[in-house]
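Subject: Structure handover and findings

Hi,

Here is the structure for you to look at. My notes follow below it.

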There are 4 protein chains.
Amino acid sequence: LKIKNIDFGSREIIIIAGPCSVESREQLLETTKDFVGSGVKILRGGTFKSRTSPNSFMGLKEKGLKLLKEAGEKLNMVTITEVMSQEQLEIALNYVDIIQVGSRSMHNYPLLTALGKLKVPVLLKRGFGSNIEEWINASRYIQNEGNPNIILCERGIRTFEHATRFTLDLSSIPIIKNRTGLPIIVDPSHAAGDSELIIPLAKAAVAVGADGLMIEVHFDPDSALSDGKQSLTPKQLKKLIDECKKVALAVDRVIDPQDKT
Amino acid sequence: LKIKNIDFGSREIIIIAGPCSVESREQLLETTKDFVGSGVKILRGGTFKSRTSPNSFMGLKEKGLKLLKEAGEKLNMVTITEVMSQEQLEIALNYVDIIQVGSRSMHNYPLLTALGKLKVPVLLKRGFGSNIEEWINASRYIQNEGNPNIILCERGIRTFEHATRFTLDLSSIPIIKNRTGLPIIVDPSHAAGDSELIIPLAKAAVAVGADGLMIEVHFDPDSALSDGKQSLTPKQLKKLIDECKKVALAVDRVIDPQDKT
Amino acid sequence: LKIKNIDFGSREIIIIAGPCSVESREQLLETTKDFVGSGVKILRGGTFKSRTSPNSFMGLKEKGLKLLKEAGEKLNMVTITEVMSQEQLEIALNYVDIIQVGSRSMHNYPLLTALGKLKVPVLLKRGFGSNIEEWINASRYIQNEGNPNIILCERGIRTFEHATRFTLDLSSIPIIKNRTGLPIIVDPSHAAGDSELIIPLAKAAVAVGADGLMIEVHFDPDSALSDGKQSLTPKQLKKLIDECKKVALAVDRVIDPQDKT
Amino acid sequence: LKIKNIDFGSREIIIIAGPCSVESREQLLETTKDFVGSGVKILRGGTFKSRTSPNSFMGLKEKGLKLLKEAGEKLNMVTITEVMSQEQLEIALNYVDIIQVGSRSMHNYPLLTALGKLKVPVLLKRGFGSNIEEWINASRYIQNEGNPNIILCERGIRTFEHATRFTLDLSSIPIIKNRTGLPIIVDPSHAAGDSELIIPLAKAAVAVGADGLMIEVHFDPDSALSDGKQSLTPKQLKKLIDECKKVALAVDRVIDPQDKT
């Protein structure tokens, strides 16, 4: 799956990074200022937020999309944001390169069907209460309508263990690779819910065979309007990428095509 | 919560029954022919179906809604159907009295927000991967927009136990009653996935304090286009209601207001 | 299964009650003083305690067994206690009528095998991480050795829902009844972990077809050395039994054989 | 933790391998003939088997222990077997270097207490229904009695996902490392239940920071008396070790001390 200069499912492991929510031009600027040349290939930023409580910060919506597009152009990077409805989808298509379907929307079949009628690449996260078979079936809602541009994303499932927000199910990576031809990435940030666990889990994800990583970053996690607890600082992100580069080489993959095996 | 002549959350336990999917006029007729006077108060019928696989029967959509409305008028009964998107909602509002948000849509916040702007009664099922706190928060998406007409429905959660499709969490009934003022009913059909378990679970639901039951019925479960395995026959439904009437009286409730304590 | 004057699996629903832990003669006396004639048939009391932390109260052991036996004789009641090893079993056999295998020991196959070589009635609780099939298999470890005197006890399984300590899986009652000929009771106290939920769950257990209930009671729950939060007072126990008597009659069972249908 | 020439929790990643069950001298011989020099450091072999059904193969018991000891001496390797009771422990202590407490025995507190009174190294597997906090508490049952020689082993937890037997929770590795000073290894064989998943999961375990791996091997998995489906062939084991060696170096660890970084 090629998206501009990015080739999902190739030898290259694709790093997607950015803030949980787009909060302001300054926040995007501060958070992404070291992205160029760091190994990050795609800029993420939440603009329509799916929050458990209706009293939480809901995202900057179209204003956030404009900021995300501006930042993407400045960094010369592909961008991605999540949508939860066809109405949001129509707006987001004007601004971003990849549409994310979040964990809470994996079973939103009308949305999946609408995405199937487009050619836009779709990042389909696993529902946290959904098994692998249902996840594959959800991807078929998109494929059956004619859109083959799908990337899956493991982000943890709900279990009795509450030391982490969710239990990252890394077994899903080789299973998905055996059963489908789709690229699959891992989001350790939402699974762990704790920045200390993200680097080890990212390395495990690379080792198990993931085609990419999605990492939440914020220049000042303590001030983040959402998910600060699980956001890395730009400096921690650099450490993550440096360590993952070594693991990538050990499994015959690369994060930066210039890296030698 | 009053819906026509029905009073949710009162001493009366409200029975909702009908086929998983509306399949034809004949199927509705055969399935519901003994409903009048049986204790059933609301006619359910799926018209927009939320199916795991895109290759499954997807419901008759507006044609099904017309049949459901026709059957409801004939039976002089309130009707309910599920919708998964705002587009489906707009169509369904022309035909039914109550809108159901299914388990897979509990986190569909744009849909909940749209429902909050109406006055239509909403039956909000629990997400099968969602905890009680998230479920209450989902109800607030509707309430905060101004629509107080909400009924919750416990339908089982996903656990490691696979002897049943889902594990019916009857503890949620007294917890919801303690934490909210909302009426709450139980759907034993989807939880059990097996018609033999439905009568005992329905009796347990009444005993634990549920304000109603939602039961899938089909005149010929073996020929059902969806969920036949968990559908009761009209005769089994009669048995269920007869047995639940006795349990209802034992907990100072009634299914049929004519029943004496 | 007859144990003295008690007939498990008959029309009668057997109430087992008593403190989580035997703490002192006074505590047993105060807790059980209204048991005679109340509907309670069996006196429970923990003497070898299975505690998550090695720093918790571990039970009075043989001293507790002596107190339990004394109280049982005074009340003219059958007694039950839990053991976790063959060594504890040998001691307990001198004092109690029924041996309980706790949830954490359901897979303790050497203990089950040892119990199979005796004739003592065994109450086998479901492992909180174990499915119904494994539970039935555990009972076969006892049966295959020649001891048919088994009572199963549903006490909740571990799920992602943390509003309760465990999720009481009442579907297991009709499933066990369909698949085995064994009597099965319900322990709502450990599942709920909250005394407010116990009465509604006990009524649900009776309605779903359980052959008995096991309830933790303490004359002063706030001072209990273990599980105070989920213990009923003697007064709450009376309320539970009164309400369950009505539900029992509604499902053609009785708690007290004198009760009329 | 030093066991003979083996240093758990050091830079070296310790490979434990061997058959699920010791079946015969020939089976041990065939299975282990390439172990010397391969990177395997410890020979495992089940002799007292913990089986769900009492009709399954229960292990060769003391006869198996003799064969295991013989094989260990021949290979000049440390040996490990699982026990489920104090009686089995007393026998096993005559033959093996490390005692394993299996997942089903993690809450067997009398057994843990008995092990605490010895100095024998204990491999304590996580209960498949137990959270991390309970697992740490179980280790304290051993430590509090005076035995500090403990290795923890993550082997998967029970979740709703049934594409694997259990869900390997690799987040537990960094969490255990943060909260305790104990070495921790990973058993991907029991978690996956499928030999195709074991190599990728083993690599992930090394990348996430595990101090060792425990792998089931059989010279002819199709003929294995237990767990054949998840057993690697000796050839697959070699591939696993070769690939894990590279990942080990990428995270500044080694499997074979001769390997250069």
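I start at the end of chain C. At 47% relative accessibility, C:D252 counts as partly exposed, because it falls between the 20% and 50% cut-offs. The residue lies in the segment after α9 (234-250) of chain C. Its backbone is worth a look: C:D252 is not a glycine, yet its phi is positive, about 60 degrees. For context, most residues other than glycine have a negative phi. Bear in mind that this is a predicted model.

D:D252 sits in the segment after α9 (234-250) of chain D. Its phi is near 60 degrees, a positive value in a residue other than glycine. D:D252 is partly exposed, with a relative accessible area of 47%.

**Helix α5 in chains D and B**

How many residues of α5(D) are buried? The count is 9 of its 12 residues, and the helix is mostly covered. The buried residues are D:I132, D:E134, D:W135, D:I136, D:N137, D:A138, D:S139, D:Y141 and D:I142. They pack against α4 (109-116), β7 (122-125), β8 (150-154), α6 (172-179) and β9 (184-186) of chain D. The helix covers residues 132-143. From first C-alpha to last it reaches 17 Å, close to the 16 Å expected at 1.5 Å a residue.

Now α5(B). Its 12 residues should span 16 Å at 1.5 Å a residue, and its end C-alpha atoms are 17 Å apart, which agrees. This helix is mostly covered, with 9 of its 12 residues buried. Among them are B:W135, B:N137 and B:Y141. B:E134 is on the buried list too. The cover includes α4 (109-116), β7, β8 (150-154), α6 (172-179) and β9 (184-186) of chain B.

**Helix pairs**

Two packed helices are described by the angle between their axes and the distance between the axes.

Take α4(D) and α5(D). Their axes are 6 Å apart, at an angle of about 45 degrees. The two helices are therefore oblique to each other. On the α4(D) side, D:Y109, D:L112, D:T113, D:L115 and D:G116 make the contact. They meet D:A138, D:Y141 and D:I142 in α5(D). By class, this contact has 6 nonpolar, 2 polar and no charged residues.

Next, α5 (residues 132-143) and α6 (residues 172-179) of chain A. They pack at about 50 degrees, with axes 11 Å apart. That angle makes α5(A) oblique to α6(A). The crossing is right-handed. A:I132, A:W135 and A:I136 of α5(A) make the contact with A:S172, A:I175, A:I176 and A:R179 of α6(A). The class count is 5 nonpolar, 1 polar and 1 charged.

Last, α8 (residues 195-208) and α9 (residues 234-250) of chain B. The axes come within 9 Å and cross at roughly 30 degrees. α8(B) passes α9(B) in a right-handed crossing. From α8(B), the contact uses B:I198, B:I199, B:A202, B:K203, B:V206 and B:A207. From α9(B), it uses B:Q236, B:K239, B:L240, B:E243, B:C244, B:V247 and B:A248. By class, there are 9 nonpolar, 1 polar and 3 charged residues.

**Two buried loop residues**

Where is B:G127? It is in the loop between β7 (122-125) and α5 (132-143) of chain B. At 3% relative accessibility, B:G127 counts as buried. Residues up to four places away in sequence aside, B:G127 touches B:S103, B:M106 and B:I157. The C-alpha atom of B:G127 is 9.3 Å from that of B:R158, 31 residues apart along the chain.

A:C20 is in the loop between β3 (14-18) and α1 (25-32) of chain A. Is A:C20 buried or exposed? It is buried, with a relative accessible area of 4%. Neighbours within four places in sequence aside, A:C20 is in contact with A:R44, A:G45, A:G46, A:K49, A:E216, A:V217, A:S226 and A:D227. A:C20 and A:H218 are 198 residues apart in sequence and 7.8 Å apart in space, C-alpha to C-alpha.

Best wishes

Methods: Residues are numbered from 1 along each chain as its sequence is written. Chains are lettered from A and ligands numbered from 1 in the order in which they are written. This is a predicted model: local features need pLDDT of at least 70, side-chain atom pairs count only at pLDDT 80 or more; totals for chains, interfaces and linings use all residues. Side-chain values use heavy atoms; hydrogens and water are left out. Helices (H or I, at least four residues) and strands (E, at least two) are DSSP runs, numbered from the N terminus. The expected span of a helix is 1.5 Å times one less than its number of residues. Buried means under 20% relative accessible area, exposed over 50%, partly exposed in between (1.4 Å probe, protein chains only). Contact means heavy atoms within 4.5 Å. Axes are lines fitted to C-alpha atoms, for helices over the stretch in contact, and angles run from 0 to 180 degrees between N-to-C directions. A crossing is left-handed if the near helix is turned anticlockwise from the far one by less than a right angle, and right-handed if clockwise. Ala, Val, Leu, Ile, Met, Phe, Trp, Tyr, Cys and Pro count as nonpolar, Asp, Glu, Lys and Arg as charged, and the others, Gly among them, as polar. Angles under 35 degrees count as roughly parallel, over 145 as roughly antiparallel, 65 to 115 as roughly perpendicular and the rest as oblique.
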